[in-house]
Amino acid sequence: KAEYAFIGRSNVGKSSLINMLTNNKSLAKISVKPGKTQLVNHFIINKEWYLVDLPGYGFAKVAKNTKQRFSKLIFSYIESRTTLINLFVLVDCRHEPQNKDVDFMEWLGVNGIPFSIIFTKADKLSKQKLKDNVIAYEKELLTSWEEMPPYFISSASSGLGKDEILNYIEETNKKISL
Ligand code: GDP
């Protein structure tokens, strides 16, 4: 069964996004405390694919060895998943490119893990500011990549990006099952 995983720094809006995609508020609980989602949750959607909620990285308030333990867990999970078709890396559209995210994408590239980006909380910015921030990200990534990975703009409060992301999952899933 094909697997699509979601990852991002704490508070990026991952639970809200998964809720939006699954249309079920009880599936992924919105965390009040950043870094609360520390278990790997699987959401079975249909017979062909399922969504995986990976723990957030960047636990600002936990000890360093705890951080390392989590990164190890995440990295080995990602590396060992032969059924992982795409990893969605979530970034808050309001922030300029963060080293942590960029380094993580670098690591994904080196390890040949297919990923795409989701810019979250789009409702918090004007169209122009959003565009500027996406361009800033693009610039940052294109220093080491030849092209921008696929990316999506989402808002859990307006539903923006939902159909596009679900279509992308369906389309990539069709390709692999051929
Ligand atoms: P997680 O820690 O990455 O799972 O983030 P959550 O989904 O728990 O969201 C963190 C905070 O951001 C919560 O207060 C959410 O209500 C808020 N949030 C998440 N997505 C959006 C969004 O698309 N728009 C707005 N305005 N707020 C959001």
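Two strands are taken to pair if DSSP finds at least two bridges between them, and the strands (E, at least two residues) and helices (H or I, at least four) are DSSP runs numbered from the N terminus. The structure is a predicted model, in which local features need pLDDT of at least 70 and side-chain atom pairs count only at pLDDT 80 or more, whereas totals for chains, interfaces and linings use all residues. Residues are numbered from 1 along each chain as its sequence is written, and side-chain values use heavy atoms, with hydrogens and water left out.

Strand β4 (residues 84-92) and strand β5 (residues 115-120) run parallel and are joined by six bridges, with Phe88 standing opposite Ser116 of β5. Both strands belong to an open sheet of six strands with mixed pairing, in the order β2-β3-β1-β4-β5-β6. At its edges are β2 (41-44) and β6 (151-153), each of which pairs on one side only.

Helix α3 (residues 99-110) lies across β1 (2-8), β4 and β5, and runs at about 165 degrees to β4; axes are lines fitted to C-alpha atoms, for helices over the stretch in contact, with angles from 0 to 180 degrees between N-to-C directions.

Around the ligand there are 14 residues, of which Lys14, Ser15, Ser16, Asp123 and Ala156 come nearest, a residue being counted if one of its heavy atoms lies within 4 Å. Among the polar contacts (pairs of N or O atoms within 3.5 Å), a backbone N or O atom of Lys14 lies 2.8 Å from a ligand oxygen atom, and a polar side-chain atom of Lys121 lies 3.0 Å from an oxygen atom of the ligand.

Terms used: Contact means heavy atoms within 4.5 Å. A polar contact is a pair of N or O atoms within 3.5 Å; within protein, one must be able to donate a hydrogen and the other to accept it, and residues adjacent in sequence count only if both atoms are side-chain atoms.
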